[in-house]
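Hi everyone, thanks for making time. I'd like to walk you through one structure today, so let's get it up on the screen.

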Amino acid sequence: MTVDQRHSRRDIDRVDAVLTELNQKVLVRPFERTAGDELQGVIDGADAAVEAALGLIRDGHWSIGIGIGTVREPLPQATRAGHGPAFEAARDAVTRAKNSLAGIAVTGPVPETAARAETALALLGILVSRRSQQGHEAVALMAQGMTQAEAAAQLGVSKQAVSQRLAAAAWHVERPARDLARYLLEVADRGSED
């Protein structure tokens, strides 16, 4: 995955803060700054890629490129020293992501399957990026396994208010959309049509 900070010439450097967040995930190689306001990491698995991408989309300051493919082995300890089709695909994807509405692109060996994964991630990204702070808070509590009553008590609001926040946040479609995005990334990674 290659990530580039949007509008970096008019904004503060956000790389160090996001590196701390991203590197708390299980990675093949940690994210590191590769040049200026760009960072790169090696992720193995669709679930981790979806989680990382959605966190970056929610943050709102990043163009995200997911590259699918092989890497030259042995993989060096430093992410920036890695080579192979996955790295090249991530470079292509981040360049395309800079001009996309959701700020995310996927490039892989079979363009049709990569495009499907990209579409699912873009739609999910738009959903997440348009969610209010109150919606994010309610969804986060539900993701922890709380009931709506427990989330209401935690937030200091009524159960009806939590229900309204969840409805406005389109919470009921997020989990199936994440599952679809993961599935399509897995299909793209296999390099075959399903």
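Okay, start with helix H1, and look at the face turned away from its buried side: the exposed residues there are Asp-16, Ala-17 and Thr-20. Before we go on, keep in mind that this is a predicted model. Mean pLDDT for the protein chain is 93, with 98% of its residues at 70 or more. H1 has the lowest confidence, averaging 91, while E5 has the highest, at 98.

Which residues of H1 are buried? They're Val-15, Val-18, Leu-19 and Leu-22. If you look down the axis of H1, these buried residues sit within an arc of 110°, so they line one face of the helix. Here's the general idea: an α-helix has 3.6 residues a turn, so residues three or four places apart point the same way.

And what do the buried residues of H1 pack against? That would be E1, E2, E3, E4 and helix H2, which covers 46-59.

That brings us to the sheet. There are 5 strands, in the order E2-E3-E1-E4-E5, and they make an open sheet with mixed pairing. Why does one side of E2 and of E5 have no neighbour in the sheet? Those two strands, 29-35 and 104-107, stand at the edges with a single partner strand each, so one side of each is left open. From one strand to the next, the twist averages 20°. H1, residues 15-22, packs on this sheet, and its direction makes about 165° with that of E2.

Let's go through the pairings. E2 and E3 run antiparallel and are joined by 4 bridges; one example is Ala-35, whose partner in E3 is Glu-38. The hairpin of these two strands has 2 residues between them, and Gly-36 there takes a positive phi near 55°. E1 and E3 are antiparallel as well, with 3 bridges, and Thr-2 has Gln-40 as its bridge partner in E3. E4, residues 62-67, pairs with E5 in the parallel sense over 4 bridges.

Last stop: E3. Is E3 mostly covered or mostly open? Mostly covered, as 5 of its 5 residues are buried. Glu-38, Gln-40 and Val-42 point one way, Leu-39 and Gly-41 point the other way, and all are buried. In general, side chains in a regular strand alternate between the two faces of the sheet.

Key:
Residues numbered from 1 in each chain as written. Predicted model: local features only at pLDDT ≥ 70, side-chain atom pairs only at ≥ 80, totals over all residues. Heavy atoms only, no water. Pairing = 2+ DSSP bridges. Axes fitted to C-alpha atoms, helices over the stretch in contact; angles between N-to-C directions. Contact = heavy atoms within 4.5 Å. pLDDT = per-residue confidence, 0-100. Buried < 20%, exposed > 50% of the residue type's maximum accessible area, 1.4 Å probe, protein only. Arc of directions from axis to C-beta.
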